[in-house]
Amino acid sequence: CTVYRDSDDVNGDNVDVRIYLSVLKPNTEYTALVIPDHNHPASVTAQTDYEGIFWSVAKIPNGDNSLLFKVEVYKGNNTTGNMIATGDDDAPCFEINLEN
């Protein structure tokens with residue numbers, strides 16, 4: 001699991017938080033909740049590919065005000081499912097449980 005933070009220079013002060021996880025269940029929906037330390041949370045839902053890779057980008061408006069972007073990843077199309085991974089843009093993600 002990797003979380004990338006990259007500014008969105010084209011659209012002003014938005015920040016792109018890029019989330020990449022591998023070794024998940026193929027063709028399954030997962031939701032990433034991005035929790036910036038000084039901005040409103042945002043979520044993004046995507047389906048893994050046939051190899052079990054989740055790759056998504058959450059755009060955080062006025063994201064340049066935040067220094068840390070925590071990410072929680074849940075199985076399903078919302079944040080009420082089981083949390084399967086967590087991390088932030090300052091450290092690697094770690095797996096919550098072994099069941100995907």
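**View 1. F54 in strand β5.** F54 belongs to strand β5, which covers residues 54-60. The model shown here is predicted. F54 has a relative accessibility of 0% and therefore counts as buried, the limit being under 20%. The C-alpha atoms of F54 and N27 are 9.4 Å apart, while 27 residues separate F54 and N27 along the chain.

**View 2. The aromatic pair Y20 and W55.** The structure has two aromatic pairs by the ring-centre rule. One of them joins Y20 and W55 in an edge-to-face arrangement, with 6.2 Å from centre to centre and 65 degrees between the planes. Y20 lies in strand β2 (residues 14-21) and W55 in strand β5, so this pair links distant parts of the chain, 35 residues apart. Y20 is partly exposed because its relative accessibility is 30%. W55, with a relative accessible area of 45%, is also partly exposed.

**View 3. The aromatic pair Y30 and F54.** Y30 and F54 make an edge-to-face pair, with ring centres 6.5 Å apart and planes at 80 degrees. Because Y30 sits in strand β3 (residues 29-36) and F54 in strand β5, the pair ties together parts that are 24 residues apart in sequence. Y30 and F54 are both buried.

Definitions and conventions:
Residues are numbered from 1 along each chain as its sequence is written. This is a predicted model: local features need pLDDT of at least 70, side-chain atom pairs count only at pLDDT 80 or more; totals for chains, interfaces and linings use all residues. Side-chain values use heavy atoms; hydrogens and water are left out. Helices (H or I, at least four residues) and strands (E, at least two) are DSSP runs, numbered from the N terminus. Buried means under 20% relative accessible area, exposed over 50%, partly exposed in between (1.4 Å probe, protein chains only). Rings of Phe, Tyr and Trp (its six-membered ring) pair if their centres lie within 6.5 Å; planes under 30 degrees apart count as stacked, over 60 as edge-to-face and the rest as tilted.
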